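Here are my comments on the model you sent. Please keep the structure open while you read.

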Amino acid sequence: MVEIIKYITRQSHKPLILIPVILMILSLLYISVFGLNEGVDLKGGTLVTVELNQPMTQSQVTQLVKDKLGINDVKTSMSDNTATITISGSVDQSQFNELFSSEFKVLSFRSVGALLSDAALGQIYYALLFAFVFMSVTVFFVFRDLTPSLAIILSAVCNLSIAVGSMSLFGIPLSIASVGALLMLIGYGVDTDILLTTRLLKRRHGSLDDRAEDACRTGLTLTFATLAAMIVLFIVVKVFIPTAQVLEDISAVLIIGLLSDLLSTWLMNLGILKWHIERGGHD
């Protein structure tokens, strides 16, 4: 790990900047082609929790519901003898009870409307835009330098793009929970960027490479500690609480986002700041 930190902070930074930039471009292209998997709380649907009357696997439950309802978009999570079934679209409760009376005992049944309409999503996009603008203004006010402000915005955009692209790649649904996780990632990513920018621009003792290495050690320690906690949460939910889909989605998004933050902060943002300082851009 020590050698990796020394390589990142002391070797030529220009080639390293390309790595997160290329990943960001690939992520945006993937999203534009394949789109995002919207969760039931975004597009609406039906959530049913049932107790199985006979032993069945998760795939068997899913296929049974698909066949009897004639709906292809069905997902199932199971814990012991209980299954939580997510069905795209509206389903009549009495019809469901009649169709599956021999296989399931319905414990809960609820239809979910589209809580985030197109207008609400538009407001979220505006909120993200204003957040980036206010962050850049704050950084510019603190450091009196345009380049660090733009670098932080680019790093946050890169982090968010890679995280959302990975959600599309791995089939993690865009839901209220995952949107909350993405907002957390923005805050965490900006936090590490501020740490890096402060160490490089505000501190005067030590060489530029020494300050970069010190910032990298601190930032990686924070990130790996948080990453370890999220991995433990994901494993615990996956193994012991498989019905807690919200926790699984949040932990998965945060794991992906923390990994992408490592690239966007310590490869791209660090490279931009070193290039800027070496050119005499900050006094």
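The points below cover confidence, the pocket, the cavity and the aromatic pairs.

1. Confidence. This is a predicted model. The chain has a mean pLDDT of 83, and 92% of its residues reach 70 or more. Among the elements, helix α2 (residues 14–34) has the highest mean pLDDT, 91. Helix α1 (residues 2–10) has the lowest, 68. Where pLDDT is low, the predicted coordinates should not be read in detail.

2. The largest pocket: place. Why does the largest pocket lie between domain 1 and domain 2? Domain 1 (1–38 + 116–280) and domain 2 (45–112) both give residues to its lining, so the pocket lies between them. The space in this pocket is about 850 Å³.

3. The largest pocket: lining. The lining has 38 residues. Leu 47, Thr 86, Pro 173, Gln 245 and Asp 249 lie nearest the centre of the pocket. Elements that give two or more residues to this lining include strands β1 (45–52), β2 (74–79), β3 (82–88) and β4 (104–112). Helices α3 (40–43), α9 (208–240) and α10 (245–278) also give two or more. By class, the lining of the largest pocket has 14 nonpolar, 15 polar and nine charged residues.

4. The cavity. How many cavities of 30 Å³ or more does the structure hold? It holds one. The largest cavity has a volume of about 40 Å³. Its lining is made by Ala 156, Asn 159, Leu 160, Leu 185, Ile 186, Gly 189 and Val 190. Helices α7 (146–170) and α8 (176–201) each give two or more residues to this lining. The largest share, four residues, comes from α8. Five of the lining residues are nonpolar and two are polar.

5. The whole structure has five aromatic pairs. One joins Tyr 30 and Phe 34, with ring centres 4.5 Å apart. Their planes stand at 35 degrees, so the pair is tilted. Both residues lie in helix α2, four residues apart, which is about one turn of the helix. Is each side chain buried or exposed? Tyr 30 has 26% relative accessibility, so it counts as partly exposed. Phe 34 has 58%, so it counts as exposed.

6. Phe 96 and Phe 104 have ring centres 6.5 Å apart. Their planes are at 20 degrees, so this pair is stacked. Both residues are buried. Phe 96 and Phe 104 belong to one aromatic cluster with Phe 100 and Phe 109.

Notes:
Residues numbered from 1 in each chain as written. Predicted model: local features only at pLDDT ≥ 70, side-chain atom pairs only at ≥ 80, totals over all residues. Heavy atoms only, no water. pLDDT = per-residue confidence, 0-100. 1 Å grid on protein atoms, 1.4 Å probe; cavity = no way out; pocket = protein on both sides within 12 Å on 5 of 7 lines; lining within 4 Å. Points joined across faces, edges and corners; volume = space filled by probe spheres on them. Nonpolar A, V, L, I, M, F, W, Y, C, P; charged D, E, K, R; others polar. Domains from an automatic or database assignment. Phe/Tyr/Trp six-rings, centres within 6.5 Å; stacked < 30°, edge-to-face > 60°. Buried < 20%, exposed > 50% of the residue type's maximum accessible area, 1.4 Å probe, protein only.
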